[in-house]
Structure formats: structure tokens, C-alpha cells
Amino acid sequence: MFTSLPDKPDHPSIELELLETWEREGTFEKLREQNRGGPKWSFVDGPVTANRMSLGVHTAWGRTLKDVFQRYKALRGFDQRYQNGFDCQGLWIEVGVERELGLNSKREIEDYGLEEFARRCREVVVKSSDALTRGSIRLGQWMDWGRDYFTFSDTNIEYIWKFLSIVHERGWLYMGHRSTEWCPRCGTSLSQHELTQAGVYQERADPSLFVRFPLLDREDESIVVWTTTPWTLPANVAAAVHPGEEYGRRENGEWVAVKRFPDETFVERAAGSELVGLRYRGPFDDLAPGAAVEHRVIPWDDVTMDQGTGIVHIAPGCGGEDFELSRVHDLPVITPVDESGRFYDDFGWLHGVSTTEAADQIVGRLGETGFLVESGLYTHAYPHCWRCDTPLIFRLSDDWFISVEAIRPTLLEENAKVHWVPEYMGKRMDDWLRNMGDWNISRRRYYGLPLPFYPCSCGHLNVISSKAELERRAVEGIDQLEELRRPWIDRVPIRCAQCDEPVTRIPEVGDVWLDAGIVPFATLGWENDTWVDEGYGTGAARGLTKADLPDHAYWETWFPADWVSEMREQIRLWFYSQFFMSVALVGHSPYKRVLAYEKMLDEHGREMHASWGNTIPAEEAFAQMGADVMRWQYCAQPPDRNLWFGFGPAHEIKRKLLTFWNSVRFLVDYSNIEGFEPSWDRFEPEVELRPLDRWLVERTRLLVVAAEEAYDATLTVEVVRAFEAFVDDVSNWYIRRSRRRFYSFDEAAFRTLWFALVQSLRVIAPIMPFLADHLWRNLVQDGPASVHLAGFPEPAAADEALLDEIAEVRRVVELGRQARSTSQLKHRQPLRRLVVAGASHVAHGHADEIADELRVKAVEFGDVQSSELRVKPNLPLLGPKLGPALREVRERLARGEFEELDGGRFQVDGHVLEPEEVLVERVGLDGWAVASEAGLTVALDTELDDDLRLEARLFDRIHEVNVLRRESGLAITDRIKLWLPDAELVARYADRLAQETLAVSVEVGELRIEKGSR
Ligand SMILES: [Zn+2]
Ligand SMILES: [Zn+2]
């Protein structure tokens, strides 16, 4: 006996129950045991930042995809690692702790104490990793929980040190002095790839200023510049013109580019090159830094003529390109603001003022001194700090870089070998690799990888490559070194390798993407001599994980990854950093295949923001839609489009899943009634099958083949589509067509349906692990205990001819239904005949099924004058073509005097009309309802007679009685006694009434039923 199923599945309760069952039975461990020694499939997990106290629906998307493919590969017998990872350092963590502690600046962190701060950061990671683990388990993700990697482990850090020392040996490491994007709140520079993250560029209104700089060499003349960053004006040293463009002088003496102001009249014109070299008075020469500068006009070919005045204000301390120009033209560099974005003391009245606060004061002052031409507001996309949302500024800073020039060609070659899905993601990576600048790896922060750089005053740069080397060369402080982390490591000076003097570490920490990028080496034991059990949990990770530190042979086995998957923005982040590090260390890509996917938005297509109230905590989604429905929503999404996630789409998915549920329920109910007990040993339906059964067997094969292809292409959306089409075929064709065979024990029908449903559970198990296993455990009682232990069905080529045949029959039926709905005839009204035109001969053999499905007495194949072709001129095209002849053509078309040619063309009155020149409509003639699609036309004869009307009443009554049966709470097998008021109906159709309603007697009387006996 199967367990009866309720009307609909209660996803959350099914899921919670299965989580316990899996735990109790050790299902995942059994699966791993079963696959041990099988072929290897290497997946490397991109770490999730451990700063949130619950799983988000965004994160659940990626985790679902990872789980789906690991589960699929496990069904195919692949041995896998299942190691989850947590990202544990960097600004994400720090900023959270700062908020919690109410700290607002770096000074406040230092006053609070770096040791305590580090401990608070670790606490966040401990709590968050615990919460994320719980959320992931609830999602159904099978991972080797408890053996996760944590990027703040000393082991991970040591591996990065090793990478950095190798990079240094190659001469790629250098300290650069340049103007870079800087977050004044976080007090650190950001690297190019950090600016590519979602949400960095936001619309913002800034002051728009036109400012005149009076020329010293020409009385009453000035040049006019445009800027949106007033705070940079006190750092102005030059103004750039395009040497080849024409500039003009207004009557009031102001020079601007002519192209920018084409309607103005100019009293003098000159090429930009003629203005080069002119000296001018700076806008803030009353402040010390400006007073010391000789401002002049310089040439610059990159000056554009699409905004501003065609003359660009240059402040090398506040802009990347400006800084480059300062090198070319030997310009002085003024750095106006400190790490927190406040003016230095020598800026007089501006000292201590932030860049934003300074704007108003600067505009006011420019007005007073006569420099201001015009001020307004300008809205543009402006970069913000990806973590704290503060608008970024440009600031001159000393940062550590890895030069990318030497390795760029290899990076490009290696990327070309990676299989990217969707393909354009690989192109994006290629673009990035071609255009990226040197990697800025230093951050002026606290909770991060300590850069092992010890520059000595003798000129030697010491780069430490391991903890052992640090211990060997330490002058003091090794005893107090709790972790390779600030502040402890800052108390360990070393001896300079060149001069033997004590030397201290630079205070900077590393870019977090180093932490995640080293993962394919640090977690797989690259170049490690001996395997250390539980050896990865070092430093801050001690006690958090039982992950081993494997040996080099293990790395050889599992590197490179067969597959990785993350969101698109990771192209320039994790996909990039591990790629770069891997190509640098071993010369090739760390992954063979990538699945990248677009963004998640809310169900109306808006970004999700806590402040807009449209975010969905995963907990809420688990409780309301269930993990399977979430997973379905993620998997039904093509990766090249944004996912609109929400409860609305979830509702739609539940509706679709209900069709599947009802098919299983149908089998369960009738199996229990008829005593059908399948056995796993006789899985294939080997009894004598009817054509429809054979079709379902082939249809199931097609599902297996299509799903296998889709899984292998890492396109879950295609798996979902294949499954949905299959469910529709099972429910709306096989079960509809075979229903009666289940009312008595027709073994072939039971066995075929059972086989098809069980196979489909194995196919869909990776995507919907809970519902699939729940139903499996009911339907398969003597086979593998879980669908996840049952393996993927063996793919076999399906009988295409048979599948095409039924697909065509289904198309005819579908068109027949459409025709019926246009006729306004109710579905229960039988009709005399259906004419099908354009069907292949194979459909002819299915006339009975088509007749039955559409309730028609006869199906004819061939043409019938059932519809009329109406052709009208497409006037905007035909008018110009035909001129005066149009009128005659139009009238002939209206009278039907035309000839249909091939390819949708028509001939009228000697003119050939192309398909786009006419509007074609096929209309049913009186007495016919017509539907047509792709060469197939069906026509329903809609004429009714008394017999047909009486039969319609029969179907109405059967329906009414069945509703009554249900309302009376009768079981589907209960017999009844039936009374009906229609004497004619009872006289003519008593037998059919009895049969359809399970009545033991049918008599004339007021409509009622009574329970009868068999
Ligand atoms: Zn910031
Ligand atoms: Zn030295």
C-alpha cells in the first residue's frame, strides 16, 4: 500500500521532516560512501562573506545552483569534495562591527583597541557562519558542514604570503604613489575591481560650477573651466585644452571651446595650441598651497567636446588622469585632504572641513572673489564605497601593487580555454583582462590579511613567505603572536636580510580578494609535504572547522576545478582573483567551466533594498513557499537575465507542481483501491503494453535524455522546461486518455505510469530534493531508501517517430480546444464532426482519440470549405507600390478574386503581392469554428441537433452527480442509487449514467443520490 496523499503538498512540513530523516539515516554520508572511488568531479566553492546573521534569498540562489549540480553529479556516481567556504576578513566584517560598537572613524577603532576589535570581528564570523550553515541546510544544500574553510585561518594567510613572495621574486610587486579612489569614511583606497560591484555607481546631484581663471599675460581675459567637485579647486595647478580644437573669446574676455557654444559670437578665435603655456591666477592662490604654484595652460588630447567648456581643470592630487598628466608636464601635486577626507591645516579657513562640507563654502568664496561664472546642480552616476555607501573621492596615496603587464598575455590565453556559460560572460572576463590596471592589494585597515612586507631603510624590501620564516627571523614578539593578524603581528619586527637591522611591517592589510583567490591552493594542499588531519583550522579558524590540510598529491587530484559558479559581478572579483593567482603560481586557470548568472530583483523588477521593504529573508521564504519552490524559482531562471524573485512567482510554481502532485496522487489512490504493488526488481514495465503505454515509456526516455543534456550544459532552466513539458504530457494526455484503465486493474497502465513517475523523480531530485524524495519514499518501497541514492536514469535514445506522432495528435487536440473556445460552445456539448487539414498521415490512426478528446462524433482528414481566407491590402506599403492601381486591387481582394501563391504571396489582377504587403485572416464560415497554426488547420462543425443537445444534457447531469458524490463525502469507489428528473435521458442513457456515476440503479425522480451497495 502507498500512503495516501493530501489534496496538496505542505512543502515546509515535508521538508522539515525529510531533513530529520536524512540526518537520522545518514543519507548524505551513504551517498558519499556509495560514490567513493568513483570518477572525480571537482567543484570549488566561492566563499560567502560571514557577516550576516541569516541566509539571504540572494545567497540561496547561488547555493541552490551549487547544490543542484553536486547532487546531479552524485547521481551520476561522481566522487566529490563538498567543501563549503566562508570569507572572514575585510571591510564587510569591520564595518559591521564598527556599527555595532558605534565607532565612526579609524581613530575611534584604535582608541577602542585593536585586540578587542579583532576579537569582536571574529565573533561576528563565528555567529554568522553558524547562521549561514543553518540556513543552507534548511535550503537542502548538502555540504561537508563542519569541515568548511575559513579565509582567516593562518594557513590561508600563509598561502597568500607564499604567493606574494613569489610575485616579489618575479619583480611584479611595487609601491605606487598615485591618485586613486578613496573612501573617506573607511580611510582606505579601493581597487579597480571593487568599483565594479553592483551598487557602487549611484545617481547623485553634485554642484555644477563654471569658474573663470584670469590670464596673467592678457589683461581682462580669462579661461573658463567646469567642475562638479568644488573641493578639488584649491588643489588646481593647471588647465588643459585640446590643442587641435578651436577656442573663442567672448566679448567679456572669457575663452571657451567654440564647439561647446556654437550659437555664441566670439570676438577672437584661436586653436587650443595657441593658448598652451599661458599663465593664470588660481582660484585659491590666497591659500598657501595654491600660492606656491605657477598655474598654466597645458595641452591634452583627451579633452572632450561633449561636456563643460572644453577646458579642463587639473588637480593631480585629486584625480587619476590628472595625476598621470602631472608626470608628463612636471606639474606640482597638491594633496588637499587627509585619510578621512578633511582638508589639511595649510588650507587656512578650510582646514578640518570635509570635502562635502567644503562645497558650499567654496562656491560662496568663488562668488565673492569674482571667479564664479555660474553655479547649478548636476545629476550623474557617481561611485560610492561598496561597503559603507560613502561617496568616494580621489586621493593621492601610497599603495602596494602587483604589476599585471608580464602576465596579461597568459591570462588571456588561459581564459580562452575556459568554458563560460553563458558565453558572453567569458567575453566580459576577456575585456576585463585586456583593460585592467595593476592590482592594488593594500588597504589601510585592521581586520585583514597582514601584508608581509618589511621595507628596510637600507633599501631592501623583505617579504616573508611563511610563519616559520617569520619565527626564524623575528627579533621579538613571537610568544604573543595569537594569530597572523594585527595588532599581534605588528609587535614582531624581523631582521633585514640585507643589513641585519630590525625592521617593522608596513601597517597595511591585504585586499580581501587575495583571501578568496588563494582558496584553490590553500584548501587543496598545494606544495604541502604531509597531510595534516584537521590541519586547516589554524589561527582565527582554530576550533571552527575540522577541515584537513591535504598534501600535494591531493591538490594534483582536485585542481583545477571542473566547475565553479557565482554571480556575474564575480567576474572581476573572485573569478578574477583566483584566476590571476593561479595563472601566476602554476600557469593555468583554476577552473575549466563556469556558470555565471545575472542579478536578483524583486518580483516587480526593482532592486531589493531593506529600506524599500521589498527584501525577503530566506527564513520567511522557507516558511511560506518552502525550499523546493525557492529552488524551482532559481532553477527556472535563464542565467542571462535578471531573476524577479518573490511570492507571486512562487504561487505560480506551486500551481505547476500541483499538477505533478495530482498525477502521483492519482496513481497512489487507484493503486490502493486496485491493489497494485510495484516492485523495484521489475522496474521496467515489461508486460504487454498498449500503444499509449509505449508512448509514455518513450516520452520518459525523452525526459531523461533532455534533462541529462541540460544538466551537462549546466542550464537548469532547460531541465525545468523538460520536466514541465513531461508533467503536462503525463497529466493531460496519458492520464486523461487512460483514466478508465485505472478504474479496474489494468496492470500495463499501472506499471507504465509508476515507471514514468519514478523515473521523473530521479530526474528532478537535484532541483527539488525534498518533494522528490518524499514521493520516492512512498512510490518505491523495496528499492533504494532515498531517490538521492538511486542514481540518474540510464539515458537511452527515445523513439522519435512515435513521440512526433503523438506530439502532432496533441497539437490537433489543442487546436480543436481553441476552436471550441472561439465558438462559445461549452465543453460538454458533443459535436458532429471535426475536419483536420495539414496533418501528416500518422495522425490519421488517432482519429478515435481525437474524437474522444474533443467530444466529436467523427474526425475527417482533408480540406473542407470550412473557412474563408480574407486578404486585405497593407496600405502603407501597397499604396506607394501600386499607385492608382491600388483601388482595383483592393476591390478584387474584397471580392475574393485572388490566387494564393506559395510563400504567403498572392496574385491579384496581374500584380504579385508580397507577404508583408497584405494582412491575412482565416475566418470560419457560418457553422464552423476554426483554429490554425503552422500549417495545421482544424474546423469544428458547430451545427447542433436534438440528439447532440440531449447528449450534452447527459454530460451535464454526470458532472452534477459527481459533484453531489463529492459533497456527500462518498469515497471514489462507493456505489450509489441515483434519481434524475429527465425521463428522456434516463430512458435513453441509463447504462451510461450508471457506469459514469457508479450507480447501481437509475430512476426518474427529483435529483438525489443515496449510498448503494455493490
Ligand atoms: Zn567606505
Ligand atoms: Zn636593511
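Student: How do the axes of helix 21 and helix 23 cross, and at what angle?
Tutor: This is a predicted model. In it, the axes of helix 21 (residues 647-674) and helix 23 (residues 716-743) come within 10 Å and cross at roughly 25 degrees.

Student: Okay, so are those two roughly parallel or roughly antiparallel?
Tutor: Angles under 35 degrees count as roughly parallel, and helix 21 and helix 23 are therefore roughly parallel to each other.

Student: And which handedness does the crossing of helix 21 and helix 23 have?
Tutor: That crossing is left-handed.

Student: Which residues of helix 21 and helix 23 meet?
Tutor: From helix 21, the residues in contact include Lys656, Phe660, Phe666 and Tyr670. On the helix 23 side, Phe723, Val727, Ile735 and Arg739 are among them.

Student: How many nonpolar, polar and charged residues are in that contact of helix 21 with helix 23?
Tutor: By class, there are 10 nonpolar residues, three polar ones and four charged ones.

Student: How far does helix 3 reach?
Tutor: Helix 3 covers residues 57-75 and reaches 26 Å from its first C-alpha to its last. That is close to the 27 Å expected at 1.5 Å a residue.

Student: What about Gly77, which follows helix 3?
Tutor: Gly77 has a positive phi, near 90 degrees.

Student: Which residues other than glycine have a positive phi?
Tutor: Here are two. Asp330 is not a glycine, yet its phi is about 55 degrees. Gln824 has a phi near 70 degrees, also a positive value. For background, most residues other than glycine have a negative phi.

Student: Where is Asp330, and is Asp330 buried or exposed?
Tutor: Asp330 sits in the loop between helix 10 (320-329) and helix 11 (355-369). Its relative accessible area is 65%, so Asp330 is exposed.

Student: And Gln824, buried or exposed?
Tutor: Gln824 is exposed, with a relative accessible area of 71%. You can find Gln824 in the loop between helix 26 (800-823) and strand 29 (831-837).

Student: One last thing: where are there cis peptide bonds?
Tutor: One runs from Arg486 to Pro487, with omega near 0 degrees. Pro487 is in the loop between helix 14 (467-473) and strand 22 (494-495). Another cis bond goes from Phe559 to Pro560, where omega is near -5 degrees. Pro560 is found in the loop between helix 17 (552-558) and strand 25 (564-567).

Technical notes
Residues numbered from 1 in each chain as written. Chains lettered and ligands numbered in written order. Predicted model: local features only at pLDDT ≥ 70, side-chain atom pairs only at ≥ 80, totals over all residues. Heavy atoms only, no water. Helix = DSSP H or I, 4+ residues; strand = E, 2+ residues; numbered from the N terminus. Expected span 1.5 Å × (residues − 1). Axes fitted to C-alpha atoms, helices over the stretch in contact; angles between N-to-C directions. Parallel < 35°, antiparallel > 145°, perpendicular 65-115°, else oblique. Left-handed = near helix turned anticlockwise from the far one by under 90°. Contact = heavy atoms within 4.5 Å. Nonpolar A, V, L, I, M, F, W, Y, C, P; charged D, E, K, R; others polar. Buried < 20%, exposed > 50% of the residue type's maximum accessible area, 1.4 Å probe, protein only.
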